[in-house]
Amino acid sequence: MASTRQSNDGTKLKSVKSLTESPELTSIPPSYTFTNNPHDEIVTDPDDDDPIPIIDYSLLVNGTPHQRAKTIHHLGKACEQWGFFMLINHTLSNSMVDKMMDQVFAFFSLKEEEKEKYGGKDVMEPIRYGTSFNASLDKVLFWRDFLKIVVHPEFHSPDKPVGFRDASAEYCRGTWKVGRELLKGISESLGLEGSYIEKRMKLDSGLQMMAANLYPPCPQPELAMGIPPHSDHGLLNFLIQNGVSGLQVFHNGKWINVTSTPNCLLVLVSDHLEVMSNGKYKSVLHRAVVSNKATRMSLAIVIAPSFDTVVEPAKELLENHGNPPAYVGMKHKDYMQLQRSNELYGKSVLDKVKI
Ligand SMILES: O=C(O)CCC(=O)C(=O)O
Ligand SMILES: [Fe+2]
């Protein structure tokens, strides 16, 4: 049975998409308005002297030993200094990516009753459609509808739209492969064996999740927020978007606009890589702002440890470098549950495991 999402005052909460479809909407409802301006920090485009790192995937997998070693070095620096990079020359074809984005758009375009089949309250449901982040807890609502699906170790898919299952099976297989190759390079960049992360994080039964976000045009974008500053659970997050910018990453005390670059994967270092590397690599704080011009869509693929893995700093890194652990271990499932059942705010979950 379709469940009903409740807003703070107990009334049914509409998706942002259906809210924006009412023709008279010229201002945003007060429940979406931030009283302390979320846009008051420094926002800038990337500096020419400190550009967003670019990693060439083809050199990592098919390069000469020298090219591969150089790429692994750059990869390590990107994880250390930005927690974020753009991946080019990867193996995901344009047609595969386009097909996937078309299906995500088709899902959000279904009738609300159809989408509401996945509108359950349990934050750990394998397929979950909703709005804002945690609508029953969010003090101010976010200008965003979402669909989250677990696709590994068990593959799930909504039945509609018709082409969704095939497109997502193909896209998820492709991104999983890229994720495992990148994690090999990242293990090596930490001075560990190439297979270290995949073994230690039990990636054969690792969690892969797809999270699709829809940010409809907003009549007062300066008062609203698509998704608040946060870092993600898991090891890596691959983001693609529909050609409309809105992602900002926090770097050296400033919010950096990430302009949409076709054919590249935006790769975000996530909390479990920070924990596992004992803080050498930092998960990136990021947020999404909205616009009054176009609907923005983004699609995230989370590559994460198996649910039963206790994620803690790699003993080998502590022993080799004589460093004390900076984080306590926590089971991935407990970490994810903690993040999903609270307000999304900065690195608040990571702070709980920091020593
Ligand atoms: O829409 C974006 O660019 C960011 C989405 C995001 O941070 C997430 O899904 O975790
Ligand atoms: Fe995120």
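Author: Gladly! Let us start with one word: a residue is called buried if its relative accessible area is under 20%, exposed if that area is over 50%, and partly exposed in between. Keep in mind that this is a predicted model.

Reader: Thanks! Then why is Arg-287 called buried?

Author: Arg-287 has a relative accessible area of 1%, and the limit for buried is under 20%. The value of 1% falls under that limit, so Arg-287 is buried. You will find Arg-287 in strand E12.

Reader: What makes the pair Arg-287 and Gln-248 a polar contact?

Author: Their side chains are joined at 2.7 Å, and a polar contact needs N or O atoms within 3.5 Å, one able to donate a hydrogen and the other to accept it.

Reader: Now the metal. Which residues coordinate the iron ion (ligand 2), and what makes their atoms donors?

Author: The iron ion is held by His-230 through NE2, Asp-232 through OD and His-286 through NE2, at 2.1 to 2.3 Å. Donors are N, O and S atoms within 2.8 Å of such a metal, and these distances are within that limit, so the three atoms are donors. Water is not among the atoms, so a site may look incomplete.

Reader: How are these donors spaced along the chain?

Author: They follow the pattern H-x1-D-x53-H. The two histidines link distant parts of the chain: His-230 belongs to strand E7 (residues 227–230) and His-286 to strand E12 (residues 286–288), 56 residues apart. Both His-230 and His-286 are buried.

Reader: What surrounds ligand 1?

Author: The shell includes Asn-213, Tyr-215, Ile-227, Leu-247 and Ser-298. His-230, Asp-232 and His-286, which coordinate the iron ion, are also among the residues around ligand 1. Strands E6 (207–215), E7, E12 and E13 (296–304) each supply at least two residues of this shell.

Reader: Which side chains have a polar atom close to an oxygen atom of ligand 1, and how do you know that these pairs count as polar contacts?

Author: An N or O atom in the side chain of Tyr-215 is 2.6 Å from an oxygen atom of ligand 1. For Arg-296 the distance is 2.8 Å, and for His-230 it is 3.1 Å. Each value is within 3.5 Å, so these pairs count as polar contacts. Taken alone, ligand 1 exposes 300 Å², and the protein buries 95% of that. Ligand 1 sits in the largest cavity.

Reader: Is Asn-89 buried, exposed or partly exposed?

Author: Asn-89 has a relative accessible area of 45%. Asn-89 sits in the loop between strand E3 (84–88) and helix H4 (94–108).

Reader: What makes the phi of Asn-89 worth a remark?

Author: Most residues other than glycine have a negative phi. Asn-89 has a positive phi, near 55°, and is not a glycine. Lys-202 has a positive phi too, about 50°, in the loop between helix H7 (196–200) and E6.

Reader: And which peptide bonds are cis?

Author: Those from His-152 to Pro-153, with omega near 5°, and from Lys-160 to Pro-161, with omega near -5°. Most peptide bonds are trans. Pro-153 is in the loop between strand E5 (145–152) and helix H6 (164–189), and Pro-161 is also in the loop between E5 and H6.

How values were computed: Residues numbered from 1 in each chain as written. Chains lettered and ligands numbered in written order. Predicted model: local features only at pLDDT ≥ 70, side-chain atom pairs only at ≥ 80, totals over all residues. Heavy atoms only, no water. Donors = N, O, S within 2.8 Å, 3.2 Å for Na, K, Ca; no water. Helix = DSSP H or I, 4+ residues; strand = E, 2+ residues; numbered from the N terminus. Buried < 20%, exposed > 50% of the residue type's maximum accessible area, 1.4 Å probe, protein only. Near = heavy atom within 4 Å. Areas by Shrake-Rupley, 256 points an atom, 1.4 Å probe, with all protein chains shown as cover. 1 Å grid on protein atoms, 1.4 Å probe; cavity = no way out; pocket = protein on both sides within 12 Å on 5 of 7 lines; lining within 4 Å. Sits in = over half its atoms within 2 Å of the grid points.
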